[in-house]
Amino acid sequence: MSSFAQKGPGGVGDSSNNGLWLRADSFSSYGSVSSWKDTSGNNNNAGQTAPTKQPISHSTSNLNGMPIVRFDGASGVTNGDEMAVPDADILDGTAGISYFVALRPNNLNASPRGILGKRISSGNTYNYSYTWFFWQTPQNLYVDLQTQDDRFYTNETFSNNINYILSYTFDGSLVSSERSKIYNEMNLIRTSNETSTMIENSNQPLAIAALNVGYGTYLGADFAEIIHYNYTVTEVERIIINNYLSAKYNITLTNNDFYDEDTTGENFDFKVAGIGQASDGSNHTDSQGSGIIRINTPSALSNDTFLFWGEDVKNANYNFSSSAATNYNERLDTKWRVSKRNNLGTVTLSLKASDITFNSPDGCNALKLIVSNSSTFATKTSYDLVLSGGVYTATGVTFNDNDYFTLEYKDLIVLDGTTFYNGAGTSNAPNTTDGCYKLLVKNTATGSLTLTENANVREVEVETGGILSTASNILLQVTNGIQNNGDIRLVGNSQLIQTHGGTNLNTGSGNLYVDQKANTSNFYQSGYWSSPVRKAGTAIGIDFAINDVLKDGSVATASTSSVGEAVDIDFIVGYDGDASSSPIKISKRWLAKLIDAPDWTRYLDPTSAVLKPTYGWNMKSVGATFTFKGLPNDGTYTSTITKDNYSLLGNPYPSALDSEAFIADNLSAINGTLYLYNSASDNTHVRGSYTGTYTTIVSRVTIGGGIYLPIGQAFFVTREADGSGTVTFQNSQRTITDVSDTASILAKSNQKNKYKSEYSFPLLRLGFSVEIDSDFTYKRQLAVAFRNLTQGYENGFDGEMFDQKPSDLGLIVKDRELPFVISTVEEFNNEIEIPLILVLDKNRKVTFNIDALENFDEASIFLNDRLENKFYNLSEEKVVLDLIQGTYSNRFFITFKKETLSLNDDVFNENFNVYQNDISKELVINNLGEQTINRITLYSLTGKKILKLEKDVLLNNEIRIKTNKISTSLYVIKIKTEQGVTSKKVFIR
């Protein structure tokens, strides 16, 4: 026959045919029972409202220690315990019926003691469905169906204080002599004649512990379980149900005892279910029962084949936990064991996701079914559990007799002492494919084992006494938070990156240590610093003092880490620090901050002057190695800046910061340019004699440094828009680029510029130098990016000069007075002209050259001297000029064609006055001689026609032409009249 659904006892039946399932282990608390819940799904609850007739439930008993409901068996209609199940269609009026009961009687004697019954009273009366009871001396088991006419009883007798699994069945489709049967355990102890072909449809309640409600003599017994089906169960189903009850209540079956994992000493007694095919050919191939495991679809079913499974935990919570015993895999808090009879092939195993407390972050932790012949799962076969429609399923599963199985998944990568577990990298350490997993550093760690390759993990926990250290140049990426109660040590250029959005998720009393070396060679040279940590144990976002987080890192520690011992720095009052002392000495005099103000706050006290996580500070740092010590900063931080003010802010993270992402996020708050001081050439404490320069960064373009801001790097920002702006630092700005791409920090020595190779726009880096004296040549680099913008100012793409020197070279940006070091213009074409502004404080020798060309096809690049009408080919050689003191704002241009417009068409007619009005942004032509003008044409010096005006618009004696959309440059205007053509140079800006 085809199998039924699988949620009934032992996995037999469902709510359509399992009409009643009273289980004493269904109670959440124990005591007087007014209601006994039906777990069949039919809500056929047993009830008793009279307190004196209520049985008592107990959490333990002589039935294998399982809960029971104890009926006292007292005599008298008003005294004895009984319960009643209200009439329900499923309980009678059927062609077949099956009842199972697990109980322990205690008052059997000559009186009738009802197990259950559905009738009005004794005698041959109407509404009489069935009764099942003990009677006579010795006590036999009786059954009445419809009337007493076919009453029968067993020849086997029953005794008090014995545990029994009893059942009876009726099948009206069989011949009358085979219709009624009684079983003790699996033994058929009586088959009897029955005239009826149907179970009478009675409207009477079903009495428990009595033949009918109020009968007067009651059964004293511990009831553990009562099961009803509205059909006659098959042989295979009877075997499964009896094995389920046998294991649960430790009642031995004298035959067909196929599940033996309840007798091995490991007590897999609970929630037993089974599938199989009996010797008569009846089969049941889909079971779940009262547990969470469903097994079905055997691939090789034949007669006398069975598979049973049961749990070792009575009331499992189905939680997962890890330990060293499981190699730190998360394993379910219960396991199952199977009994297999003969071979039924492979099976499918499934369970509902809602039945377990497995919560996979982003669905990436693979849940596994593991099968083993060892209870420790020392060796195991793993099967993937695939989630679909809220159900996990494993197919093609093979079980051997006595196998164990459970569920596990990998959630933790553990550093336990000197061993890594579960990582995908070398020696089971984490690597970049492990982003699903948490990294746990146990408190037994000695610190002798390090991360030697880049790693991505979901979160990190370091227990008290645990040490997580890296080799040099390692990137540790963490999606969420860090709970650090031990040490995290970032060695060399190693970085820690967190990628989640929102606020800080880091907690704990432990410290992160990260070294940073200032490559300033002496105590004259300044650097801009910021802290990647806050003081451990303090609240998120709390203010800190410099001495709280910045330590002397010049003394080596354990071999597992190159971080310093993090001893306090000796902050002194004198001018000059000293890196050779121990601890190192740093001058307090140069400690300063500048936050949303026009000028510095100087002489900061390193032990009491407070800073916020985004604040930077200036320090003359003597080239020492420093160690930042504290809880790593993480998440979103903000700082306010107001119009025309400056702020020295800094990278607040223990990882590089992508300047492009930071600028893009803050264009509405700041002028989109970052300035970093490089004091490598300073050799004095006199501020007016400083020769250091500023690295300048706009979107995707940088002068003097890299795109990425390293750990501890501070920089200036400013705001010219009205009102105030909120500067935001957030994890999305932290770069996950290789640490080898991190640029120079603070006052470090000049390093090679590093740029993002994926940027495809052309970039011209123009070099300039001027001899200041015999010992010093000042150098400046300018950058022009060709990116389909204009020659006017665009926030985030054009960088003003922050540090103009008495003799200097800059770029002219339309409508701006100050010179620029970075200008972003239209897409490259050889008609473009780049105007330069040169300032000399005295007669000087200056040099122009090309420092670099990026993403350029072949192009000729010229320095055009408009005064001398000369073109110098910078593509071939540098240009050295001796120039007199002065400001040159319209003399020098970068061009890409060696062409100019001839001025010999005509001499300029003095009847015209032509000039540029910088205030109104207009080109003004005064027709003093009132000549008839036929056409006006404006050309670039390379001959490109800029605009043309015909006669019909040239009627006035004063002609004004708007120039606000014309790029700053020198142009030639031609005016055609009836007397001829006149031309003149005019500078438009």
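1. Let's start with contacts along the chain. Contact here means heavy atoms within 4.5 Å. Among contacts in the protein chain between residues at least 6 apart in sequence, 68% join residues at least 24 apart. Keep that figure in mind when you look at single residues below.

2. A word on what you are looking at. This is a predicted model, in which local features need pLDDT of at least 70 and side-chain atom pairs count only at pLDDT 80 or more, while totals for chains, interfaces and linings use all residues. Residues are numbered from 1 along each chain as its sequence is written, and side-chain values use heavy atoms, with hydrogens and water left out.

3. Now the overall build. The protein chain holds three helices and 81 strands; these are DSSP runs numbered from the N terminus, with helices (H or I) of at least four residues and strands (E) of at least two. Its C-alpha atoms fill a box of roughly 145 × 80 × 50 Å along the principal axes. The radius of gyration is 46 Å, whereas a compact globule of 989 residues would have one near 30 Å. That radius is taken over C-alpha atoms, and the globule rule is 2.2 Å times the number of residues to the power 0.38.

4. How much of the chain is buried? Of the 989 residues, 57% count as buried. Buried means under 20% relative accessible area, exposed means over 50%, and partly exposed lies in between (1.4 Å probe, protein chains only). The accessible surface of the chain comes to about 37500 Å², and carbon and sulfur atoms account for 44% of that. Such areas come from the Shrake-Rupley method with a 1.4 Å probe; for residues, only the protein chains shown count as cover.

5. Next, please find Asn633, in the loop between strand S53 (625-632) and strand S54 (637-642). Asn633 counts as buried because its relative accessibility is 0%. Leu301 counts as partly exposed because its relative accessibility is 28%. Leaving out residues up to four places away in sequence, Leu301 touches Gly276, Gln277, Asn283, Thr285 and Leu344. Ser530 is 229 residues from Leu301 along the chain, and the C-alpha atoms of the two are separated by 72 Å.

6. Two strand residues are worth a visit. Arg331 is in strand S23 (residues 330-332) and counts as buried because its relative accessibility is 11%. Beyond its neighbours within four places in sequence, Arg331 is in contact with residues including Asn319, Ile370, Phe377 and Glu408. Asn927 belongs to strand S76 (residues 922-927), and at 5% relative accessibility Asn927 is buried too. With the neighbours within four places again set aside, Asn927 is in contact with Asn911, Phe912, Ile933 and Asn957.

7. Which backbone angles deserve a second look? Most residues other than glycine have a negative phi, and most peptide bonds are trans. Phe377, one of the contacts of Arg331, has a positive phi near 55°. Phe377 lies in the loop between strand S26 (367-372) and strand S27 (381-384) and is buried, at 5% relative accessibility. Asn855 has a positive phi of about 60°; this residue is in the loop between strand S69 (844-854) and strand S70 (862-865) and is partly exposed, at 41% relative accessibility.

8. Please check two cis peptide bonds as well. One runs from Thr137 to Pro138, with omega near -5°, and Pro138 lies in the loop between strand S9 (130-135) and strand S10 (140-145). Another joins Ser582 and Pro583, with omega about 0°; Pro583 is in the loop between strand S47 (570-572) and strand S48 (585-587).

9. Finally, the space inside. Rolling a probe the size of a water molecule over the atoms shows where empty space is left. On a 1 Å grid over the protein atoms alone, a cavity is a set of points where a 1.4 Å probe fits but cannot get out, and lining residues have an atom within 4 Å of a point. A search of the whole structure finds two cavities of 30 Å³ or more. About 40 Å³ lies in the second largest cavity, where a volume is the space filled by probe spheres set on the points, joined across faces, edges and corners. Residues lining the second largest cavity include Leu811, Arg816, Glu817, Ile837 and Arg989. By class, that lining has six nonpolar, no polar and three charged residues. Here Ala, Val, Leu, Ile, Met, Phe, Trp, Tyr, Cys and Pro count as nonpolar, Asp, Glu, Lys and Arg as charged, and the others, Gly among them, as polar.

Notes:
1 Å grid on protein atoms, 1.4 Å probe; cavity = no way out; pocket = protein on both sides within 12 Å on 5 of 7 lines; lining within 4 Å.
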